[in-house]
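Colleague: Can you walk me through this one? I have a few quick questions about the fold and the surface.

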Amino acid sequence: MASKKREIQLQEAINNQSLWEEMLQNKGLTVIDVYQAWCGPCKAMQPLFRKLKMELNEDEILHFAVAEADSIVTLQPFRDKCEPVFLFSVNGKIVAKIKGANAPLVSQKIITLINEERKIAAGEMVRPQYHEIVFVDSDSEDAGEASYESVDRLYSIAIIKPNAVIARKVQEIKEKIIDAGFVIEAEDKKLLSEEQVRYFYSRIADQPDFEDFVSFMTSGLSYILVVWQGKEKRTSWDESESNSQTQSEEPQDDHQERAKSSGMKEKRESFQEYLERQQISQFCDVEENISNTKFIDVFIPDFKKIKGIKLEKILALLRPALFNERKEDVLNIIQDEGFKILMQRQIVLSEEEAKTLCMEYENKDYFGNVIENMTSGPSLALVLVRENGLRHWKQLIGPSTVEEAKEYLPDSLCAQFAMESLPINQLYGSDSLEAAERDIQYFFPPQHTAALIKPHVTREQREDILTLIKEAGFDITQMKERLLTEEEVDKVYFKIKGKDFYKDVLEVLSEGPSLVMILTKWNAISDWRRLMGPTDPEEARLLSPDSIRARFGRSLLKNAVHGASNTQEAVETINRVFEDFVASNPEKN
């Protein structure tokens, strides 16, 4: 019988070992639906594959296939199994496997691998050394499985809902979770897709108002937390309440003895129980006791790589003499040590500011000279970020005085960049993460701007743009996805409403949903306009080739993104589009 290859447009049909070997010669990524002859391929996933084929537009490096396990020797371990299995082959090597018709996870895996292939082709990254999947009976644990291997502890996922994010309850909720001894292993703020919401809340899908709930959960930013219970045992609320009531009435030893004699045992409080006791469960929903990464990767891709990584922002400052004489040398060391410079500005300190920063030298004879030096010219303030940034910066700069640095830490920056004029460290760093946050807020007061990603941008391109936004140091404070009505477009483009070309703007924005955002950082308005690039994508490709419009813009109207041009426009747009938004900090810059 002739091969079905020519009959199937989307998926290549593989029904013998020879065709399997031939398929492994494909360049790039091949996504293989492994099926049993008695049940056929997984039709439910075909719309997703067709959509990705169109959106990614990578016919040379993205292929889809269906492979009949009964007819292919290599796939023998998958025979007589009813659960769909998807294999991912990169240049002939099976690098990942996903069980079940898990559309969000399969989609994310395809996009990730295609992005890697693009970067490799462009010379932006070296091909990873993938561990090839070893096929074993799927009833046993899969050796080398990269997609959702078992984890070494049980996790919970908490989704903080959009209304709680808008009400700025995220920090309060996180602090309560941490104070109770739970560990936040990973976190992310994102606009959930409809597929992710349906996946997480599948247990309530039959409720009559579920569709309205899906609309609500996709209407704005949610906050995703991956949490584990840590090693400390916590007693249940009933027991701790009993303890508190009896503590004043009888000695603790007697109470413990009575507990033992009555057979009362300490119970470990679950994450859900703790949230309910703290009266914050209405703001977030929880999935507990997750023992593999399959579920987690739907919401935080590459969780295994990023879990436990604590990126910390700190404020650093180069005092005037060092800034004037050795700035470039210091900046090179900072970057060589793995810090990323998110923001920097020159600032001439007032006497009051100098005294606050130099308080530790207040009782020294040379305090007056320090203040005079600190106010004599510009200092350079920096916002730095890296894993364990606070501890690493303290170790890097060394002690507060040159004498101590030269005696005990001669390789520290304090010793290397000592100035004869002053016996103190020429670099400053915040004492704690709390102090760092205050320092950053003071020296880099946040500013808000309005931003929009247009409908013609694909889902994959949108993710790339959001990544660029985060890498540039912006916080996405608010976000909503919607098909804009003419009235809503008027709120964003009110400045050009009377122009002849306005009807063309309306037509472009009616083609699909837009992503409307509030972006926050110091100098947000000018930095966002710089990141967007010139209005015309052709001009952007000449003048600012790394800008968003240069990379994703198609034409003057379909130029990928929009942003406010000045403070007044930003404030007015935010007030019109995000009516409930109130700036948490007054803008000083």
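Modeller: What follows covers a sheet, the helices on it and a surface patch, all from a predicted model.

Colleague: Start with the sheet of five strands. What is the strand order?

Modeller: The order is β1-β3-β2-β4-β5, in an open sheet with mixed pairing.

Colleague: And which strands stand at the edges?

Modeller: β1 (11–14) and β5 (93–99) do. Each has a single partner strand, so one side of each is left without a neighbour in the sheet. On average, neighbouring strands are turned by 25° against each other, direction ignored.

Colleague: In what sense do β2 and β3 pair, parallel or antiparallel?

Modeller: Parallel, over seven bridges between residues 29–35 of β2 and residues 62–68 of β3.

Colleague: Changing topic, to the surface. Which residues form a nonpolar patch there?

Modeller: I306, I309 and L311 form one, with about 270 Å² of accessible area together.

Colleague: Where is I309 found?

Modeller: I309 sits in the loop between α12 (303–306) and β10 (311–318).

Colleague: How exposed is I309?

Modeller: Partly exposed: the relative accessible area of I309 is 36%.

Definitions and conventions
Residues numbered from 1 in each chain as written. Predicted model: local features only at pLDDT ≥ 70, side-chain atom pairs only at ≥ 80, totals over all residues. Heavy atoms only, no water. Pairing = 2+ DSSP bridges. Helix = DSSP H or I, 4+ residues; strand = E, 2+ residues; numbered from the N terminus. Axes fitted to C-alpha atoms, helices over the stretch in contact; angles between N-to-C directions. Patch = residues over 30% accessible without salt bridge, like charges linked within 9 Å, V, L, I, M, F, W, Y side chains within 5 Å. Areas by Shrake-Rupley, 256 points an atom, 1.4 Å probe, with all protein chains shown as cover. Salt bridge = Lys/Arg side-chain N within 4 Å of Asp/Glu carboxyl O. Buried < 20%, exposed > 50% of the residue type's maximum accessible area, 1.4 Å probe, protein only.
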